[in-house]
Amino acid sequence: MPWTNRTGSPAPMAIYHFSAKMISRSTGRSAVAAAAYRTAERIEDHRQGLEHDYSNRSGVLHTEILAPDGTPEALRDRTTLWNAVEQVERRKDAQLAREVTVALPHELTDAQRASLVRSFVQSAFVDRGMIADVALHAPGREGDERNHHAHIMLTTRSIGADGFEGKDRSWNSKELLEDWRESWADHANAYLREIEVGREIDHRSLEAQREEKLDLKERALERGDDRAAHELEIEAVELDRDPLPDIGWKAWGMERRGIQTTAGDLWRDAYGRLEQVREVVSGLRERFAETYARVREVAEHSLNGLAEALRGADFSTLEAAHEQVRERNREAERSIEQERDISRERDDGFSL
């Protein structure tokens, strides 16, 4: 099988992935077919007179439709929804839907992943006026066992009481896309902090993350924290790589059917380099831990030797000196008290 990515090493934090693409009629795609495939359902395409049946497909763990308040009840049905989209879009090059794909943290449970996606979709898309069709997928049998992910199909038109209205072009802005990318990282990290994973995902580029680690390393060195500096340098090494390429839905479909593609070869090559980086980083961390273990052992041995020497030492002279200091303190306190008595007697005489 072409997808052979499993390793015996401990699973690190899932790599951040957020992609957004248009499902367009100009590329021969159908919103109905896409929805049927993503959700593993059988849906009839009324416009084309075709039936798209993916009900035998495995790996789809959860599906649901989230819609803004006031959405007609009929559009909360998957078949009705996407056929309505196909009907309202009349251009032969129409943009039918937007599809967002996110990688889900493998550290969470299925229920936690569903809750995470629902929370994000509601705040990022539904509250803005889109209808969202969500499908959570399990990792493929032949692929990376950490590859939990979600497909989110979104309508491109605003919705009213009577159905679809005009297209909202603001939904296509690059600034909004960047907001979505950051918002997804924030939502995922909030869930990861709840289960105390210790590592988070980052929506920024690998280069930006690496520069930050190197900057933090320099700050650690300035304050004399060598251990933190070494760990930050290792994290910078882990980020010194190319991102995994997105091979596209067509190549992905062919690979799943066992047909090797050029795009798949590029992905496998990049993933192989990523595994090499992970192996190097794992070795660095092991050596780093061993070094500090030896340093701690030497320090503990030195402290034990010092304690042993102190136990056999003669402290009589030191104790005598301490007693002299304590006696002087007592004399000073008696003098202060005598001065207070004299002062009180003087005041009493004046008052008479």
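**Notes on salt bridges and a helix pair**

1. Arg25 counts as buried, with a relative accessibility of 11%. Keep in mind that this is a predicted model. Arg25 pairs with Glu86 in a salt bridge, and the closest N and O atoms are 2.7 Å apart. That bridge ties together distant parts of the chain: Arg25 lies in the loop between β1 and α1, Glu86 in helix α2, 61 residues apart. Glu86 is buried too, at a relative accessible area of 1%.

2. Moving on to Lys167: this residue makes a salt bridge with Glu89, with 3.4 Å between the closest N and O atoms. Lys167 sits in strand β9 and Glu89 in the loop between α2 and β5, 78 residues apart. Lys167 is partly exposed at 23% relative accessibility, whereas Glu89 is buried at 7%. As for shared partners, salt bridges join Arg25, Arg47 and Glu86 into one network.

3. Arg118 in helix α3 and Glu64 in strand β4 are 54 residues apart, and their side chains meet in a salt bridge at 3.0 Å, N to O. Here Arg118 is partly exposed (33%) and Glu64 buried (17%). The whole structure has 14 salt bridges.

4. Helix α3 also packs against α4, at an angle of about 145 degrees and with the axes 10 Å apart. The crossing is right-handed. Contact residues include Leu116, Val117 and Phe120 from α3, and Trp180, Trp184 and Tyr191 from α4. By type, the contact has eight nonpolar residues, six polar and no charged.

5. Last, His52 in strand β3: this one is buried, at 13% relative accessibility. Beyond its sequence neighbours, His52 touches Ser30, Val32 and Glu41, among others.

Conventions: Residues are numbered from 1 along each chain as its sequence is written. This is a predicted model: local features need pLDDT of at least 70, side-chain atom pairs count only at pLDDT 80 or more; totals for chains, interfaces and linings use all residues. Side-chain values use heavy atoms; hydrogens and water are left out. Axes are lines fitted to C-alpha atoms, for helices over the stretch in contact, and angles run from 0 to 180 degrees between N-to-C directions. Helices (H or I, at least four residues) and strands (E, at least two) are DSSP runs, numbered from the N terminus. A crossing is left-handed if the near helix is turned anticlockwise from the far one by less than a right angle, and right-handed if clockwise. Contact means heavy atoms within 4.5 Å. Ala, Val, Leu, Ile, Met, Phe, Trp, Tyr, Cys and Pro count as nonpolar, Asp, Glu, Lys and Arg as charged, and the others, Gly among them, as polar. Buried means under 20% relative accessible area, exposed over 50%, partly exposed in between (1.4 Å probe, protein chains only). A salt bridge is a side-chain nitrogen of Lys or Arg within 4 Å of a carboxyl oxygen of Asp or Glu. Lists of a residue's contacts leave out its neighbours within four places in sequence.
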